Amino acid sequence: MSAVEPDDVRRPVDPEADEADRAVESVLRPATLAEFQGQPRVSDQLGLVLAAARQRDAVADHVLLSGPPGLGKTTLAMIIAQEMSAPLRISSGPAIQHAGDLAAILSGLGEGEVLFLDEIHRMSRPAEEMLYLAMEDFRVDVVVGKGPGATAIPLDIPRFTLVGATTRAGMLPGPLRDRFGFTAQLDFYAHSSLHAILLRSAQTLGVELADDAAAEIARRSRGTPRITNRLLRRVRDFAQVRSDGRITLPLAQDALELFEVDDRGLDRLDRGVLEAVCRRFSGGPVGLSTLAIAVGEEPETVEEVAEPFLVRQGLLMRTPRGRVATPAAWTHLGLTAPRGAPGSGEDLFS
Ligand SMILES: Nc1ncnc2c1ncn2[C@@H]1O[C@H](COP(=O)(O)OP(=O)(O)OP(=O)(O)O)[C@@H](O)[C@H]1O
């Protein structure tokens, strides 16, 4: 795979990101809460919860982290384990389809270990029910036999800290949500935080990055540190191949243009969604699945990756009848809303 990978920029969450990219991503992960920038409230609260557990020599309470992809949920899980001097075990909701899968993981944990379950909202119902008991009583019921003769044998498991991550907190059943002692909602990062993250990443990678270039990349990073670091890597590629390796403001602008990251930080997927709503559905309302087909993506990708940022930017609205482009969306795309369309000035906005 070439070092320059447009798809990498188009899809902020790219499970196929090449191995070298993933290796760099892990080098750039902050290792302690003190290094974890940009979410001061979460850092403060979590720091307190962990410090209190350490003082009591207790296992930290279960933690639920929610928010759009790339904001640092996995990073925080690693930090929690590090701060508690505990080993970290990583799994994910989709990997746990049977209660037995979960029982095997839980019974293999050591005392005080941190179990990170990514995409916890995608776990199967039987596994979820087993997790309730494990979180509360540190016990699982292993069912032996089938039908009327089946018996549940209780099995004690070590005390552990569950760190659950979800992009869809609303999809978690109440009983599961309630069993987390601490919940953190991660929010998009301010430009100033992304700027600071960029300077640290550039230093770690040994890249010369001008301050105004860092500001430009930060501004176009969709409020997301994963994208900040990814754009830095692409701009670094550009600087290396087309220049002398130093990242100046004009060079960063040229690189970001090449990778189709626009002035507001929208990438191809974001713009594809907005253009579909405006051009093909006259500004909406349009349902999620129709919209997803129009842009050739899975509904989950549109809903979890593109929409939170577009909504946050005031470019898209989620209404009970579907997705609607705002007047700012038409302006951003350089289009004029047709008469009577949402955003035309003769509709619900006027
Ligand atoms: N607060 C932060 N400071 C510096 N870098 C960060 C921060 N948060 C995240 N990052 C960087 O962003 C990358 C993505 O973070 P992470 O994998 O933790 O996101 P995530 O929320 O778990 O995403 P997903 O939901 O897709 O798994 C990390 O490799 C790290 O380099």
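Domain bounds, as used in this briefing, come from an automatic or database domain assignment. On that basis the chain of this predicted model is divided into domain 1 (39-185), domain 2 (191-258) and domain 3 (268-332). Between the C-alpha centres of domain 2 and domain 3 there is a distance of 28 Å.

**The open sheet**

- An open sheet is formed by five strands, and their order is β2-β3-β6-β1-β7. The pairing within this sheet is parallel.
- The edges of the sheet are β2 and β7 (182-185), each of which pairs on one side only.
- From one strand to the next, the twist of the sheet averages 15°.

- Strand β3 covers residues 114-118, and five of its five residues are buried, so the strand is largely enclosed by the rest of the structure.
- Strand β2 (residues 88-92) is joined to β3 by five bridges, and the two strands run parallel. Within this pairing, Ser91 has Leu117 of β3 as its bridge partner.
- Strand β6 (residues 161-166) is joined to β3 by four bridges, and these strands also run parallel. Here Leu117 stands opposite Gly164 of β6.

- Strand β8 (residues 316-319) and strand β9 (residues 322-325) are joined by four bridges and run antiparallel.
- Together β8 and β9 form a hairpin, with two residues between them.
- In this pairing, Leu316 stands opposite Ala325 in β9.

**Helices α10 and α11**

- The axes of helix α10 (residues 225-242) and helix α11 (residues 249-258) come within 9 Å and cross at roughly 110°. The two helices are therefore roughly perpendicular to each other.
- On the α10 side, the contact is made by Leu231, Arg234, Val235, Phe238 and Ala239. On the α11 side, it is made by Leu251, Ala252, Ala255, Leu256 and Leu258.
- Sorted by class, this contact of α10 with α11 has nine nonpolar residues, one charged residue and no polar residues.

**Helices α5 and α6**

- Helix α5 (residues 99-107) and helix α6 (residues 125-137) pack at an angle of about 35°, and their axes are 8 Å apart.
- Helix α5 contributes Ala99, Asp101, Leu102, Ala103 and Leu106 to the contact. Helix α6 contributes Pro126, Ala127, Met130, Leu131 and Ala134.
- By class, the contact of α5 with α6 has nine nonpolar residues, no polar residues and one charged residue.

**Asp21**

- Asp21 lies in helix α2, which covers residues 19-27.
- With 19 other C-beta atoms within 10 Å, Asp21 is partly exposed.
- Asp21 and Leu199 are 178 residues apart in sequence, and their C-alpha atoms are 18 Å apart in space.

Key: Residues are numbered from 1 along each chain as its sequence is written. This is a predicted model: local features need pLDDT of at least 70, side-chain atom pairs count only at pLDDT 80 or more; totals for chains, interfaces and linings use all residues. Axes are lines fitted to C-alpha atoms, for helices over the stretch in contact, and angles run from 0 to 180 degrees between N-to-C directions. Angles under 35 degrees count as roughly parallel, over 145 as roughly antiparallel, 65 to 115 as roughly perpendicular and the rest as oblique. Two residues are in contact if their C-beta atoms, placed from the backbone, lie within 7 Å. Ala, Val, Leu, Ile, Met, Phe, Trp, Tyr, Cys and Pro count as nonpolar, Asp, Glu, Lys and Arg as charged, and the others, Gly among them, as polar. A residue is buried if 20 or more other C-beta atoms lie within 10 Å of its own, exposed if 12 or fewer, and partly exposed in between; C-beta atoms are placed from the backbone. Two strands pair if DSSP finds at least two bridges between them.
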